[in-house]
Amino acid sequence: MRRTWAPKGRTPVLRHRYRRGKQLSMCGLVAYRPGQGDREEPATWMGFELLEGAYDTRQCIRVLDGLGHQLGHQPVTVIWDNLGAHHAGDLQAWAAAQSWLVLEYLPSYAPELDPVEGLWANLKGCELANRCCADRKELIATAQVGSIRVRRDPDLLWSFLAGTGLTL
């Protein structure tokens, strides 16, 4: 819910024909890579995916495997929240077999420490604010436009990390 244009004292009513069907889930990754010596500047990176349905263990493994391919299986530490699928035995076994991957978890009930929460807040405050999409395709397209905007702004990506108050 965001501020919208309406006559003072009259709550705007937005009507649409979109019916809730299957759940639409979003997965976001905000990554930081430190510079390596004098050759390379530090960099931020964002991955983003929309999935019809909910993320389960199999989907989490697929996302992590894609991250590994994207980063060339270079060593990476993934810090994420305490979603049940993140703790599943199958995922833990798969992760233990990946020499490039280390999993760390944020404390429970600490969304202020999760940089991806800044990403969601930014998308919800811009492209998705007070938006009544006609259908699922429009919702997906709108979210993708927002993710492209965010990806193109390294300072904005950095602000999601800096906003947590954690040091790298």
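## Ground rules

Residues are numbered from 1 along each chain as its sequence is written. Because the model is predicted, local features need pLDDT of at least 70 and side-chain atom pairs count only at pLDDT 80 or more, while totals for chains, interfaces and linings use all residues; side-chain values use heavy atoms, with hydrogens and water left out.

Let's start with helix α2, residues 89–96. Helices (H or I, at least four residues) and strands (E, at least two) are DSSP runs, numbered from the N terminus. Leu91, Trp94 and Ala95 of α2 are buried, where buried means under 20% relative accessible area, exposed over 50% and partly exposed in between (1.4 Å probe, protein chains only). Viewed down the axis of α2, the buried residues fall within an arc of 95°, so they line one face of the helix; the arc is that of the directions from the helix axis to the C-beta atoms.

Gly89, Ala93 and Ala96 are exposed on the other side of α2. The buried residues of α2 pack against α1 (57–70), β3 (76–80) and β4 (101–105), with contact meaning heavy atoms within 4.5 Å.

Helix α3 spans residues 115–125, and its buried residues are Pro115, Val116, Leu119, Trp120, Asn122 and Leu123. These buried residues fall within an arc of 160° seen down the axis of α3, so they line one face of the helix.

## Salt bridges

Four salt bridges turn up in a search of the whole structure, each a side-chain nitrogen of Lys or Arg within 4 Å of a carboxyl oxygen of Asp or Glu. One of them joins Arg62 and Glu49 at 2.9 Å, N to O. Arg62 sits in helix α1 and Glu49 in strand β2 (residues 43–52), so the pair ties together parts that are 13 residues apart in sequence. Arg62 is partly exposed at 37% relative accessibility, and Glu49 is partly exposed at 22%.

Glu127 and Arg149 form another salt bridge, with their closest N and O atoms 2.6 Å apart. This pair links distant parts of the chain, 22 residues apart: Glu127 is in the loop between α3 and α4 (136–151), and Arg149 is in helix α4. Glu127 is buried at 17% relative accessible area, whereas Arg149 is partly exposed at 29%.
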